[in-house]
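Take a look at the model below.

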Amino acid sequence: MQRTGQGETVQGEEPTADNLYDYLLAPAARTPDKAAVVEADESGTLTDISYRQLAALAEQYTQTLELLGLEVGERIVVEAPSCAAAVALLLACSKLGLAFVPVSAQMPDNRLMTILTSLDAALYARAHGPGRPELPWAGGTARFALSGLSIDKAPARPTRRRRNVLALDTAYIIFTSGSSGRPKGVVMSHRAIVTFLRAVIADQLVSQCDRIASTSPLQFDFALFGIGLALGSGATLVPVPRTCLDSPRRMVTFLRKARVTQVHGVPSLWRPLLRHDAQLLKQLDQVRSVIFAGESFPLAELRRLQQMLPGTRLVNGYGATESMAASFTEVPDPLPAHQRTLSIGHAHRGAEMILVDSAGRAVTRPGVIAEIYLRSPALFSGYWNDPAATAQVLVPDPLQARHGHTVLRTGDLACLDERGELHFVGRADAQVQIRGHRVELGEVESVLAQHPAIASAAATLVPRGGEHVLMAGIVLKDITAPFDEPAALAHCARHLPAYMTPRRIRPLADLPLTENGKADRARLARLVTTAA
Ligand SMILES: Nc1ncnc2c1ncn2[C@@H]1O[C@H](COS(=O)(=O)NC(=O)C[C@H](N)c2cccc(Br)c2)[C@@H](O)[C@H]1O
């Protein structure tokens with residue numbers, strides 16, 4: 001479809017530039033009446049929004065936004081769950097070249113204000129629902145739902161001439177907590193996200209008859225991945241309501257009712273099911289594949305999941321928001337008993353992960369731990385308004401420095417196995433040193449999870465008097481049983497060197513998680529210390 005100066009599209013020709021709107025709505029021309037998004041209301045009633053209806057809603061939002069006369073590149077902060085209206089607003093922003101910045105309703109007011117201010121956002125749009133009465137935001141505001149987008153306060157912007165949207169214009173910005181604590185905005189262009197989605201869909205991760213359950217909150221790019229994979233392949237997106245995620249029974253009921261065939265989620269999504277109602281998993285006979293991402297899936301739990309979902313393809317999705325993702329590796333079925341680390345395989349089509357040691361040399365021998373660098377045409381543009389932080393991670397290719405291109409320095413450590421596949425080892429900045437030894441928190445956790453009474457475990461370092469002390473939190477299989485800490489400590493001493501044995505092991509009701517569902521080691525450190 002040829003784009004005219006006013007951003008209109010003329011049916012028939014291919015778009016002149018990669019654009020998320022054209023890419024995600026292409027199926028609307030082929031299968032307009034097919035369900036694009038399945039909506040669930042609070043009573044659990046499911047409603048299909050067809051590609052035609054989604055395109056119409058996106059058009060309605062586009063016309064309302066167009067009246068604001070915003071320049072290409074202006075930022076729209078969107079507070080909403082993953083749902084059809086949010087997808088339509090993402091499409092409208094993409095069509096007008098506005099940057100879509102998803103935030104969560106659970107985000108504290110002051111963090112939201114930091115993001116709105118640092119972005120100098122043109123509009124803060126939230127899905128209909130309880131607002132934030134105390135939010136001191138003086139910029140543009142709007143509310144949106146399936147019924148439409150209403151501007152409550154127009155942004156004070158001079159109406160400017162709109163130009164064509166280019167492939168390098170920003171499609172979305174995702175704020176990550178970042179290990180430094182200050183939120184960093186990962187800026188992704190239309191070219192990066194469309195290139196990535198084309199490659200991953202070409203790798204046959206999904207088929208157009210899939211119904212993809214997305215379980216991550218919208219501000220986590222795993223949710224945008226679900227939107228891109230579903231619509232980009234002409235399949236159907238099934239956002240799972242938060243209320244279904246807290247109860248194993250409600251989640252299984254929902255997945256069955258919505259006839260879901262592929263489930264996306266972080267490893268912790270499966271923990272309550274595996275612990276309480278593993279038998280319920282047998283009801284998910286229609287689920288053909290599961291894609292997990294965000295952190296290593298503890299092997300003991302992964303083996304249980306594999307047993308309970310016989311014949312279901314389990315895919316280990318690895319990667320960072322700065323490239324959306326890097327690799328999708330099928331877990332061997334069955335997972336060999338001796339295997340202690342998960343393969344993250346090879347990068348998706350058109351990209352390459354290389355291992356580089358601290359001297360900047362390529363590592364090609366198995367078993368040598370080094371840092372993963374990602375060569376890819378789908379890398380992020382940079383961190384919002386932070387060229388210094390950008391230069392830390394978008395670096396000259398250490399193996400082809402003279403060519404001038406940059407690669408992503410992931411900060412992740414991995415090593416090659418005998419077959420040349422990468423195995424994730426851990427975060428370079430999470431390498432903890434105890435009395436001069438490198439400690440792998442993941443290794444401590446997997447030994448603890450092998451203890452017969454322990455369902456799951458998380459380890460962390462607690463600063464204590466100038467040094468760091470290794471502490472662990474565990475969840476018992478039977479929370480009514482008394483916890484025998486000395487026995488658990490003895491179990492660790494039998495399987496781990498002394499410096500990797502936790503000082504204390506604390507039973508917890510649940511392992512603390514971040515908003516994106518990953519292990520929250522900072523909160524764990526506070527929990528195990530206060531429990532001392
Ligand atoms: N599969 C793993 N094993 C182990 N460690 C993982 C895995 N996936 C990540 N990580 C870690 O998480 C970091 C990155 O965090 S992030 O920027 O918030 N992004 C994410 O978590 C999610 C990521 N954007 C994403 C989004 C959609 C699909 C996929 Br597929 C992946 C990586 O650098 C790794 O340290």
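What follows covers confidence, then the ligand and its surroundings.

This is a predicted model. The protein has a mean pLDDT of 92. Of its residues, 95% reach 70 or more. The model scores ipTM 0.99, and its pTM is 0.94. One stretch calls for caution: over residues 1–10, pLDDT stays under 50. For that stretch the model has 31 contacts beyond four places in sequence.

Now turn to the ligand. How many residues surround the ligand? The count is 21. Asn316, Gly317, Met324, Asp412 and Lys518 are the closest. By class, the shell holds ten nonpolar residues, six polar ones and five charged ones.

Which elements each supply at least two residues of this shell? Helix H6, spanning 221–232, is one of them.

Asp412, listed among the closest residues, has a side-chain N or O atom 2.6 Å from a ligand oxygen. In Thr321, a side-chain N or O atom is 3.0 Å from an oxygen atom of the ligand. For Arg427, a polar side-chain atom lies 3.2 Å from an oxygen of the ligand. How much of the ligand does the protein bury? Taken alone, the ligand exposes 700 Å². The protein buries 92% of that area.

How values were computed
Residues numbered from 1 in each chain as written. Predicted model: local features only at pLDDT ≥ 70, side-chain atom pairs only at ≥ 80, totals over all residues. Heavy atoms only, no water. Near = heavy atom within 4 Å. Polar contact = N/O pair within 3.5 Å; in protein donor to acceptor, adjacent residues only side chain to side chain. Areas by Shrake-Rupley, 256 points an atom, 1.4 Å probe, with all protein chains shown as cover. Helix = DSSP H or I, 4+ residues; strand = E, 2+ residues; numbered from the N terminus. Nonpolar A, V, L, I, M, F, W, Y, C, P; charged D, E, K, R; others polar. pLDDT = per-residue confidence, 0-100. Contact = heavy atoms within 4.5 Å.
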